[in-house]
Amino acid sequence: MDLLKLLCFLTSVSLGIAAEHADLEVYWKSKLPNTPMPKAVRDIIQNGKPPGVGALSASPQAIPFRYGRYMIRYGKNPADGQLLNHQNVTVFFLKMDLHGGSIMNLQFVNLLENTAAFLPRQVADSIPFSSKSVPEILNKFSVNPNSVQAEAIKETIADCEEPGIEGEDKRCATSLESMVDFTTSKLGKNVGAISTEAQKPDPKILKYVIVDVSKLNNDDKAIVACHKQNYVYAVFYCHTLQHTDAYRVNLVGADDGAKAKAVVVCHEDTSAWNPKHVAFQLLKVKPGNVPICHFLPEDHFVSWALKH
């Protein structure tokens, strides 16, 4: 695609995005009337960057979690235990440690400061999203095929094309409407949704103390988790999680008193996980019924069916 065509495409999309903001909020309220937009979604609507290579992260270290076939990937390879430069962060922990007074080493980074905007559904649906279409996608957005950004695009699409694990329904939603529709198809319209929010995002690893913990979902109900992907426009990897509990966790900084409202997900049954999953290596446990928990980054969110 030559420069003039690219500029025309991006300009038309940007105008469409600006006009679409109010429509997206109306769509959310019409489909999910009983929950406000989580900050992870609201920030993208209000501050998302126009689609293109500039919306991609060039560094895998800027994406603490990537979700794919083995559920949680930390860094480039989930099976070999590489934790990049985050060895001191509380990545995974046992459910027995999820209580008031527990100390966690956490890193709340403002991942939504430099993130791609949602495309209007009709635009997103008109753009191919498959491995076989990667050359066309790179050309459409003028991405160098040999660049780090091109590799990120390929990896995101490949993760989306991987089959889900046993009992998991999944969708890579390329628009807000698609993401909402997936959620309501699994949970109905009486839904709660929440994302992690930190009072003082900081790239440093800091000690936080758990103040209190509130469970969000019913024991026998699945939850839906949606995870922002590294792509030229907003794409969320959404999937159902069975035998999984979600919690709202209030935290306070041990040193500066900064507050955070975090989302924690605890997986009660890990028997279907890759035995080489880094969580087992860190916690010295095996796949099975030892509940394993982790915090959700700020650009992910979780939904659950509200009690009637």
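How many helices and strands does the protein chain have? I began with this count, working on a predicted model, and I found seven helices and 12 strands in the protein chain.

**Entry: the chain as a whole**

I looked up burial next, and of the 308 residues of the protein chain, 53% count as buried. For the surface I noted that the protein chain exposes about 13700 Å², with carbon and sulfur atoms supplying 51% of that area. I then turned to contacts between residues at least 6 apart in sequence, and I noted that 75% of these contacts in the protein chain join residues at least 24 apart.

**Entry: the disulfides, overall**

I searched for bonded cysteines and found that the structure holds three disulfides. When I numbered the bonded cysteines of the protein chain in sequence order, the pairing came out as 1-2, 3-4, 5-6. I took the pairs one by one after that.

**Entry: C160 and C172**

I noted that C160 and C172 form a disulfide, with 1.9 Å between their sulfur atoms. This pair ties together parts that are 12 residues apart in sequence, because C160 lies in helix α5, residues 148–161, and C172 lies in strand β3, residues 170–173. The link of C160 and C172 is left-handed, and I recorded -85° about its S-S bond. I also checked burial for C160 and C172, and both are buried.

**Entry: C226 and C238**

What is the distance between the sulfur atoms of C226 and C238? I read 2.2 Å for this disulfide. The pair links distant parts of the chain, with C226 in strand β7 (residues 223–228) and C238 in strand β8 (residues 236–241), 12 residues apart. On accessibility, C226 is buried with a relative accessible area of 0%, and C238 counts as buried because its relative accessibility is 1%, where buried means under 20%.

**Entry: C266 and C293**

I found that C266 and C293 form a disulfide whose sulfur atoms are 2.0 Å apart. This pair also links distant parts of the chain, since C266 sits in strand β10 (residues 259–267) and C293 in strand β11 (residues 292–295), 27 residues apart. Is this disulfide of C266 and C293 left-handed or right-handed? The torsion about its S-S bond is about 105°, so the disulfide is right-handed. I looked up both cysteines for burial, and C266 counts as buried at 0% relative accessibility, while C293 is buried with a relative accessible area of 0%.

**Entry: G167**

My last entry concerns a glycine, and I located G167 in the loop between α5 and β3. Is G167 buried or exposed? At 52% relative accessibility G167 counts as exposed, because the cut-off for exposed is over 50%. For G167 and Q242 I noted a separation of 75 residues in sequence and 7.1 Å in space, C-alpha to C-alpha.

Note on methods: Residues numbered from 1 in each chain as written. Predicted model: local features only at pLDDT ≥ 70, side-chain atom pairs only at ≥ 80, totals over all residues. Heavy atoms only, no water. Helix = DSSP H or I, 4+ residues; strand = E, 2+ residues; numbered from the N terminus. Buried < 20%, exposed > 50% of the residue type's maximum accessible area, 1.4 Å probe, protein only. Contact = heavy atoms within 4.5 Å. Areas by Shrake-Rupley, 256 points an atom, 1.4 Å probe, with all protein chains shown as cover. Disulfide = S-S within 2.5 Å.
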